[in-house]
Amino acid sequence: MKYYSIVHTLIIASMISASCSGGGAPVYLDASAPVEKRVEDLLARMTLEEKVGQMNQFVGLEHIRKNEAAMSAEDLRNNTANAFYPGFTADSVAEWTRQGLVGSFLHVLTIEEANYLQSLAMESRLGIPVIFGIDAIHGNANAPDNTVYPTNIGLASSFDTDLAFRIARETAAEMRAMNMHWTFNPNVEVARDPRWGRVGETFGEDPYLVSKMGVATVEGYQGDLSSDDVLACVKHFVGGSQPINGTNGSPTDLSERTIREVFFPPFREGVRAGAMSLMTAHNELNGIPCHSNEWLMEDVLRGEWDFKGFVVSDWMDIEHIHDLHATAENLKEAFYQSIMAGMDMHMHGVYWNEYVCELVREGRIPESRIDESVRRILDIKFRLGLFEQPYADESTTMNVRLCEAHRKTALEAARKSVVLLKNEGLLPLSPEKYHRVLVTGINADDHNILGDWSADQRPENVITVLEGLRMISPETDFVFVDQGWDPRNMSENRVQRAASVANTCDLNIVVAGEYMYRGRWSERTSGEDTDRSDIALVGLQDELIKKVAASGKPTILVLISGRPLGTEWAAEHLPALLNAWEPGMYGGQAIAEILYGKVNPSAKLAVTIPRSAGQVQMIYNHKPSQYFHPYAVTPSTPLYPFGYGLSYSRYEYSDLVTDRNEIHAGDSVEVSVKVKNTGKIAGDEIVQLYIRDRYSQVTRPVKELKDFARISLEPGESRTVRFTVTPDKLEFLDKNLNPIVEPGEFILMAGPSSADRDLLKTTVTVIR
Ligand code: BGC
């Protein structure tokens, strides 16, 4: 670090003195000058090649070296997680960095490499620092030795926006401590298909909840966008969370109404909250690849929403305009289409600089168009203080990463993200009653609980479920029967062994689910690029559950998964079921604390859990006619509805009232509901408010979440929760897609879940 600082100071000093002798210090190096002036000054000094270089990103040198050694060109075409550049080496990329032809890196996983690459950039003619981007989706987990929080689907189940904000702040601190400046999060896609492997990195199926969590996350990362903060990236714009066949990046075909009502709001709110970068989606949208979609990037994003940040492409997706979607005849044409549609930065590759410079020289892309993108990128680099602070301190980095306060938040978040789905009086467990307990299942003693978008972390920083159980109930004899980590290759013998051991135990805990660990990319069953045609448990997991339960001993199923799983048999036959999602580093401790009643569960589902993939699309906010003709043979109801989750307390809802029965369009109405903890222990309840427009000129969902509150109640305590229903909550898009509040009756519903049976109802009428 010291070496880099000295070199940096010398370079800057020599630049200042060089330009002093030519008359005046360069404004762009003057930290006290306004950012706009610094940007313009720097831009005026840059060659075309340097400008186009700012618009390009590369994967880090270590990443390239590792993959050069391990992958073939064929692997490269089919594997979207890894990369290298055939015909070029890591040294070529290092040299381009020295020449000022690289604006950004991604997939750099250590502070040492980040500082090293930055030192190359600082050697370049103008000393423009690179911005390091990383997929810090739930903490900066993709790099080793960082705090790993639950993934977004678990975090959303807490309905705790303050917690989301805090996690984002802590993540920003850990990122800056390792010289990372830009996280490719929040993913604010509205998840509408559980077959899609990326549900776990979203905040679920509801546009309102996704917006709230997304905004808190953006604000937490970005702060006031200065040297303590990181740049947020709302992604992926747009529609990829409702792919036609459930697979990542497959086409989406959506009406403009659905796009505007369901998929746009979280992006719009993210932009309003100040998100200064946005990533376009892999998929084509209604026949046009998102990466060459001018309507999305220019008309909506910049035109309607006044977005001032920069747009980054997703992994090789500009290339895919040519080699996959085939709407450009060659790569150069793909670059042309994307830039002219509004793209600012290219993730990632080698031909960008050459072709884009050619396009400018040929007069096809005006240089002023390049200047626009470079301005947006430089603006962020200045604001984040990269010119003044290009390095992070290697000697103090671990003072921040994994510090006590961050670990505490990770544990709190795990506790608040585990959803108790079923409990027939079995939980909380008493150690006096169950002395010998079988623990089995692929996720019982595995770091897979960290979730997708996590590197493996040191064992001392992860508590598996088995470890958590032993820690929380030391007097219990937990007998572990290993089922291996791989759901596809489970062994009948091991299943049989668990079944025999179950006969000798008082209770069974099966920890099942999906496998998400990125280090075994091709063996995963869930996560990015890992989609499924059904949502049942993979392999012998169901057989394991049934055989263990056949012992007649009470059996608990704990699910570790990013996507909803249709475990219908277990839901019907077992006395207790928990969905722990991808709970992160302290997942095992949180699960054990909940099982043994040290923590009262409070989380609620951020997505509907269907019974089977055949029920897809299954969402709570569907249109009125969706189940007019129910399915034959099997039920049309979900296994568990959105917003649902149990506690060890009971909450009684009463007195749902509004302050007025009638309002004019444009007015707000206050609604309140009383909630009482009638249980024996203190707990947190998530109070939900839904609205339905009774009659309207276009069809409206049967209900929509419009507000929620997370409250703590002591036993016997009651609280009146008040919500303000503002006009935007009654608004919808009319036949011409213009926002309108129509006169007529609105049904207001409040309760502990989205299920009709759980909701109190009242009405308010909008009068002319
Ligand atoms: C994913 C993005 C991610 C990028 C960089 C892509 O495959 O779709 O979400 O940010 O890779 O890792």
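Student: Where is Gln615 found?

Tutor: Gln615 is found in the loop between α23 (587-595) and β17 (651-658). Helices (H or I, at least four residues) and strands (E, at least two) are DSSP runs, numbered from the N terminus. This is a predicted model, in which local features need pLDDT of at least 70, side-chain atom pairs count only at pLDDT 80 or more, and totals for chains, interfaces and linings use all residues. Residues are numbered from 1 along each chain as its sequence is written, and side-chain values use heavy atoms, with hydrogens and water left out.

Student: Is Gln615 buried or exposed?

Tutor: Gln615 is buried, its relative accessible area being 3%. Buried means under 20% relative accessible area, exposed over 50%, and partly exposed in between (1.4 Å probe, protein chains only).

Student: Which residues is Gln615 in contact with, leaving aside its neighbours within four places in sequence?

Tutor: They are Pro610, Tyr631, Pro635, Ser636, Thr637 and Pro638, where contact means heavy atoms within 4.5 Å.

Student: And what does the side chain of Gln615 reach?

Tutor: The side chain of Gln615 reaches the backbone nitrogen of Arg611 at 2.7 Å and the backbone oxygen of Thr637 at 3.0 Å.

Student: Changing topic, which domains does the assignment give?

Tutor: The protein chain has domain 1 (2-399), domain 2 (418-615) and domain 3 (651-767); such bounds come from an automatic or database domain assignment.

Student: How many residues of domain 1 and domain 3 take part in their contact?

Tutor: Domain 1 gives 13 residues and domain 3 gives 13 residues.

Student: What area do domain 1 and domain 3 bury between them?

Tutor: About 1,100 Å², with 65% of it on carbon and sulfur atoms. Buried area is the accessible area (1.4 Å probe) that two parts lose on being put together, summed over both.

Student: Which residues of domain 1 lose the most area to domain 3?

Tutor: Phe159, Tyr208 and Arg257 do, and together they make up 58% of what the domain 1 side buries.

Student: How many salt bridges does the rule find across that interface?

Tutor: The rule finds one salt bridge across the interface of domain 1 and domain 3. A salt bridge is a side-chain nitrogen of Lys or Arg within 4 Å of a carboxyl oxygen of Asp or Glu.

Student: What about Arg700 and Glu261?

Tutor: The side chains of Arg700 and Glu261 meet in a salt bridge, at 3.1 Å from N to O.

Technical notes:
A polar contact is a pair of N or O atoms within 3.5 Å; within protein, one must be able to donate a hydrogen and the other to accept it, and residues adjacent in sequence count only if both atoms are side-chain atoms.
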